[in-house]
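I opened my notebook to write down what I looked up in this structure. The entries follow the order in which I checked things.

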Amino acid sequence: MAATRTAHTVWNGDLMTGAGNTTLDSSGLGNFDVTWKARTEASEGKTSPEELIAAAHSACFSMAFSHALAQAGHTPEEVHTKADVTFVPGTGITDSHLTVSARIPGITEDEFQRIAEEAKVGCPVSGALTGLKITLDATLAS
């Protein structure tokens with residue numbers, strides 16, 4: 001079954017000095033202040049489109065990886081994923097770097113790396129970001 005999720009942003013003013021607020025409509029989990037400065041300098045308690053994309057990418061990868069592990073007969077104790085999404089003014093969003101550390105009993109290093117790479121490619125958010133360079137560092141924790 002298809003699912004559509006919704007968020008909206010209200011922006012006031014010009015790009016450089018204006019500000020906006022993004023609301024997560026579907027979940028009702030909150031609203032977040034956004035500014036150009038938070039996008040290109042220190043965030044100072046505000047968010048950016050890149051941080052929101054990083055949140056989506058880290059969550060999606062964790063879910064895809066956990067699913068792929070289960071299909072291979074492994075149950076992870078914990079998957080910790082960080083996504084670093086880079087924005088270059090004048091160029092745009094250039095890349096997303098995933099860093100994952102996971103505790104998975106009974107898996108070999110080779111199988112772990114193979115499944116992590118497959119999850120990186122197969123994650124739906126990775127698919128939506130195909131115009132970006134997507135990289136992965138995966139560490140099997142003990």
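**Entry 1: the whole chain**

I noted before anything else that this is a predicted model. I counted the secondary structure and found 4 helices and 6 strands. Reading along the sequence, I wrote the pattern down as β-β-β-α-α-β-β-α-α-β. I then looked up the extent of the protein: its C-alpha atoms fill a box of roughly 55 × 35 × 25 Å along the principal axes.

I looked up burial next. The protein has 142 residues, and 32% of them count as buried. For the accessible surface I wrote down about 8400 Å², with 54% of it belonging to carbon and sulfur atoms. I also checked contacts between residues with a separation of 6 or more, and 49% of these join residues 24 or more positions apart.

**Entry 2: the core**

Which residues have the most contacts inside the largest nonpolar core? I found Phe-61, Phe-65, Ile-104, Phe-112 and Leu-136, in a core of 24 residues. Five elements each supply at least two residues of this core: the helices α2 (49–71) and α3 (109–122), and the strands β4 (78–88), β5 (92–103) and β6 (133–141). I noted that α2 gives the most, with 7 residues.

I picked Phe-65 to follow by eye. Leaving out residues up to four places away in sequence, I listed what Phe-65 touches: Val-79, Val-100, Ala-102, Ile-104, Phe-112, Ile-115, Ala-116 and Ala-119. Two of these partners, Ile-104 and Phe-112, are also named among the residues with the most contacts inside the core.

**Entry 3: the largest pocket**

I looked up the space in the largest pocket and got about 380 Å³. Which residues line the pocket? I listed Arg-5, Thr-6, Ala-7, Thr-22, Leu-24, Ser-26, Ser-27, Leu-29, Phe-32, Leu-52, Ala-55 and Met-63. Sorted by kind, the lining has 7 nonpolar residues, 4 polar and 1 charged.

I then asked where the lining comes from. Both β2 (19–24) and α2 supply at least two residues of it. The helix α2 gives the most to the lining, with 3 residues.

**Entry 4: Glu-44**

I found Glu-44 in the loop between α1 (36–40) and α2. Its phi is near 45°, a positive value in a residue other than glycine. Is Glu-44 buried or exposed? Its relative accessible area is 54%, so Glu-44 is exposed, the cut-off being over 50%.

I looked at Ala-128, which lies in helix α4 (residues 124–128). Ala-128 counts as exposed because its relative accessibility is 66%. From Ala-128 to His-57 I noted 71 residues in sequence and 9.7 Å in space, C-alpha to C-alpha.

Pro-124 lies in helix α4 too. The relative accessible area of Pro-124 is 59%, so I put it down as exposed. Pro-124 and Val-85 are 39 residues apart in sequence, and their C-alpha atoms are 16 Å apart in space.

Conventions: Residues numbered from 1 in each chain as written. Predicted model: local features only at pLDDT ≥ 70, side-chain atom pairs only at ≥ 80, totals over all residues. Heavy atoms only, no water. Core = buried A, V, L, I, M, F, W, Y, C linked by side-chain atoms within 4.5 Å. Buried < 20%, exposed > 50% of the residue type's maximum accessible area, 1.4 Å probe, protein only. Contact = heavy atoms within 4.5 Å. 1 Å grid on protein atoms, 1.4 Å probe; cavity = no way out; pocket = protein on both sides within 12 Å on 5 of 7 lines; lining within 4 Å. Points joined across faces, edges and corners; volume = space filled by probe spheres on them. Nonpolar A, V, L, I, M, F, W, Y, C, P; charged D, E, K, R; others polar. Areas by Shrake-Rupley, 256 points an atom, 1.4 Å probe, with all protein chains shown as cover.
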